[in-house]
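Trainee: I would like to learn how to read a helix and its surroundings. Please take me through one.

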Amino acid sequence: MTIAMRMNINRKNPISSTISGSLIANYTHADYRIGTAADCITLTIDQYSEPLAQFLVTLNQSCATIISAYNPYSQLVSDEENVAAHESLRHFLTCHAYQGIDSVHTDPAGVWPAEKSFFIPGIDIHSAKSLGQQFNQNAIVWIDRDAIPRLVLLR
């Protein structure tokens with residue numbers, strides 16, 4: 001798959017973005033791990049995941065998202081700021097009765113530090129986008145019933 005194909009994230013409604021192509025490529029190439037234990041599920045953007053499909057069935061959900069509050073707009077901030085933002089996101093999820101499962105995404109090239117995130121099953125796409133924007137993120141990962149994680153750009 002070419003970078004140009006990867007950048008056309010929302011194939012039904014392509015959008016122009018203020019996010020650089022290299023940053024989008026970093027998001028696309030990241031590993032997204034649901035859970036923190038040895039039995040975590042690792043996801044790759046635009047690739048079907050059978051373990052994810054089974055997990056969604058187990059949760060009785062047809063969609064989910066992965067959202068981080070780390071490094072707003074991909075600007076590196078201190079560990080203290082990232083931890084505070086992550087806890088603020090955790091608090092939001094708890095207050096709004098969303099089940100947030102601890103997750104992390106990593107850059108296999110090691111350019112970007114690992115970022116904690118939450119896998120949120122059952123949240124609709126509009127709420128997921130709004131939440132990502134509320135926490136000043138450039139993008140979220142959206143998962144529909146097809147169990148293919150897709151990058152959704154927010155700017």
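Mentor: Start at the N-terminal end of H3, which Ser49 caps: a side-chain oxygen lies 3.1 Å from the backbone nitrogen of Leu52. Helices (H or I, at least four residues) and strands (E, at least two) are DSSP runs, numbered from the N terminus. This is a predicted model: local features need pLDDT of at least 70, side-chain atom pairs count only at pLDDT 80 or more, and totals for chains, interfaces and linings use all residues. Residues are numbered from 1 along each chain as its sequence is written, and side-chain values use heavy atoms, with hydrogens and water left out.

Trainee: Which residues of H3 are buried?

Mentor: Buried means under 20% relative accessible area, exposed over 50%, partly exposed in between (1.4 Å probe, protein chains only). In H3, Leu52, Ala53 and Leu56 are buried. Seen down the axis of H3, the buried residues fall within an arc of 100° (taken from the directions from the helix axis to the C-beta atoms), so they line one face.

Trainee: Why do residues three or four places apart point the same way?

Mentor: An α-helix has 3.6 residues a turn, so they do. On the face of H3 turned away from its buried side sit the exposed Val57 and Thr58.

Trainee: How many aromatic pairs does a search of the whole structure find?

Mentor: Rings of Phe, Tyr and Trp (its six-membered ring) pair if their centres lie within 6.5 Å; planes under 30 degrees apart count as stacked, over 60 as edge-to-face and the rest as tilted. The search finds one pair. Phe55 and Phe119 are tilted, 5.7 Å centre to centre, with 35° between the planes.

Technical notes: Polar contact = N/O pair within 3.5 Å; in protein donor to acceptor, adjacent residues only side chain to side chain.
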